[in-house]
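Dear colleague,

I am passing on the structure we spoke about, and my notes follow directly below it. Please read them alongside the sequence and the model.

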Amino acid sequence: MLFYQAQLYLFWSTLVSYMHGAALLGTAGVPAHRFRPFAAATLEALTGDGPMGFLGILTRAIEEGASPGEANSLRMQAVGAGHVVEASREAGIDTAGPAALRDLFRRAVDVGHGAEGLSGVIDVIRHPGRAAGA
């Protein structure tokens, strides 16, 4: 049952993220069908073995308990997520999803994972009440 719940969350969050991207682009007159190939290429790359193969990269980092962030620190990711929130706000679309992601990244930075990579977020997911410096 936990696999099912985990898959549902992945399914919904991925599709809602796609809808958010389509809505954001829609404010500039870009139809969803033009975004679809970009989204599909991103999903394919994320699940592949190439340099964008973050599903494999994150799996290894989680299992090894290591979160290298030399090329893409979590601090940088939090700033980038903030840009998505601002772009959404400026476009007049809902910001709740991107803001939740930005806030998750910020909490991970606040508890000391800012120099780490994206996988540093798992600590905040696993220990939501952990305070900065704990």
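**What was found**

Met-19 lies in helix H1, which covers residues 2-26. Please bear in mind throughout that this is a predicted model. Together with Phe-11, Trp-12, Leu-15 and Val-16, Met-19 forms a nonpolar patch on the surface, and the accessible area of these residues taken together is about 540 Å².

The structure also holds one aromatic pair. Tyr-18 and Phe-35 form this pair, which is stacked, with 5.2 Å from centre to centre and 5 degrees between the planes. The pair links distant parts of the chain, since Tyr-18 sits in helix H1 and Phe-35 in helix H2, 17 residues apart. As for how far each of the two is covered, Phe-35 has a relative accessible area of 18% and is therefore buried, the cut-off for buried being under 20%, whereas Tyr-18, with a relative accessible area of 25%, is partly exposed.

Helix H2, which spans residues 32-47, also contains Ala-45. Ala-45 counts as partly exposed because its relative accessibility is 28%, and the range for that class lies between 20% and 50%. Leaving aside residues up to four places away in sequence, Ala-45 touches Met-52 and Gly-53. Ala-45 and Leu-55 are 10 residues apart in sequence, and their C-alpha atoms are 9.2 Å apart in space.

With kind regards

Terms used
Residues numbered from 1 in each chain as written. Predicted model: local features only at pLDDT ≥ 70, side-chain atom pairs only at ≥ 80, totals over all residues. Heavy atoms only, no water. Patch = residues over 30% accessible without salt bridge, like charges linked within 9 Å, V, L, I, M, F, W, Y side chains within 5 Å. Areas by Shrake-Rupley, 256 points an atom, 1.4 Å probe, with all protein chains shown as cover. Salt bridge = Lys/Arg side-chain N within 4 Å of Asp/Glu carboxyl O. Helix = DSSP H or I, 4+ residues; strand = E, 2+ residues; numbered from the N terminus. Buried < 20%, exposed > 50% of the residue type's maximum accessible area, 1.4 Å probe, protein only. Contact = heavy atoms within 4.5 Å. Phe/Tyr/Trp six-rings, centres within 6.5 Å; stacked < 30°, edge-to-face > 60°.
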